Amino acid sequence: MKKRFLLLPFILLIVFASCDHRTSKKDHLKTAVSNFNKNVTLDPLNVYEPKEQVVIQTDSIISDTFQVSIKNYSNSSSAILLSEKISDTGLQSLFHRTFESDILVTVKDDIIFKKHISAAHFSLNPKTGFWKDATLEHVWVNQEYSNSTSLSLGISILNPKLKTFKLYEMLIDREGNETLNLIEETTS
């Protein structure tokens, strides 16, 4: 009987020692993953087209009359959202940078025309249809249609979401008067 009483505390010690509330490897892994997910936030990945900021400056002289300076540049504070997708690494967004232009035209060192051009410049209702996601693509001197009395500028407006465009011709006379004509457009 003495042996049984000595054996009883030994058995109780083993029972209490095995009930120490340790977690299994599986439970420990679940807890670690849960804690990691609570502490880690995934930053969204934004991809821009073009990847870098763009500035293109061109200076031209047309028929010894018009001196033209055109600066086409991407607007660092504005972009058009093209697509979004959620992946294992977080939200990935693709943006198309918006573009603007500054035009300066002089005749005999006198400024006759100075204008900032963006897609909003061309639309009376910029939040609908083609114009909702439109951006200026670029402005250029159309030398073929320019002469000593009239300067012809080509202006291309692009909607990268709809994959459509509008092409305008701006005519500027020697006094700085402008005429704008829609030359071509695509529809989606």
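**Rings, charges and a sheet**

Visitor: What is the relative accessible area of Tyr-48?

Guide: Tyr-48 has a relative accessible area of 29%, which counts as partly exposed, a class that lies between buried (under 20%) and exposed (over 50%), computed with a 1.4 Å probe on protein chains only. Please keep in mind that this is a predicted model, in which local features need pLDDT of at least 70 and side-chain atom pairs pLDDT 80 or more, while totals for chains, interfaces and linings use all residues. Residues are numbered from 1 along each chain as its sequence is written, and side-chain values use heavy atoms, leaving out hydrogens and water.

Visitor: How many aromatic pairs does the structure hold?

Guide: There are 2 aromatic pairs, where rings of Phe, Tyr and Trp (its six-membered ring) pair if their centres lie within 6.5 Å, and planes under 30 degrees apart are called stacked, over 60 edge-to-face, and the rest tilted. One of them is the stacked pair of Tyr-48 and Phe-95, with 5.2 Å between the centres and 20 degrees between the planes.

Visitor: And which parts does that pair tie together?

Guide: Tyr-48 belongs to strand β1 (residues 45-49) and Phe-95 to strand β4 (residues 90-107), so the pair links parts that are 47 residues apart in sequence. Strands here are DSSP runs of E with at least two residues, as helices are runs of H or I with at least four, numbered from the N terminus. Phe-95 has 17% relative accessibility and is therefore buried.

Visitor: What about Phe-130 and Trp-131, what angle do their planes make?

Guide: Their planes make 90 degrees, an edge-to-face pair whose centres are 5.0 Å apart. Phe-130 is buried at 13% relative accessibility, and Trp-131 is buried at 15%.

Visitor: Which charged end sits over the ring of Phe-130?

Guide: That is the charged end of Lys-166, 5.0 Å from the ring centre, where "over a ring" asks that NZ of Lys or CZ of Arg be within 6 Å of the centre and within 35 degrees of the ring normal.

Visitor: New topic: in what order do the 4 strands of the open sheet come?

Guide: The order is β6-β7-β8-β9, with antiparallel pairing, and two strands pair if DSSP finds at least two bridges between them. β6 (135-141) and β9 (178-185) are at the edges with a single partner strand each, so one side of each has no neighbour in the sheet.

Visitor: How many bridges join β8 to β9?

Guide: They are joined by 7 bridges, and Glu-169 stands opposite Asn-181 in β9. β8 and β9 form a hairpin with 4 residues between them, and Gly-176 in its turn has a positive phi of about 95 degrees.
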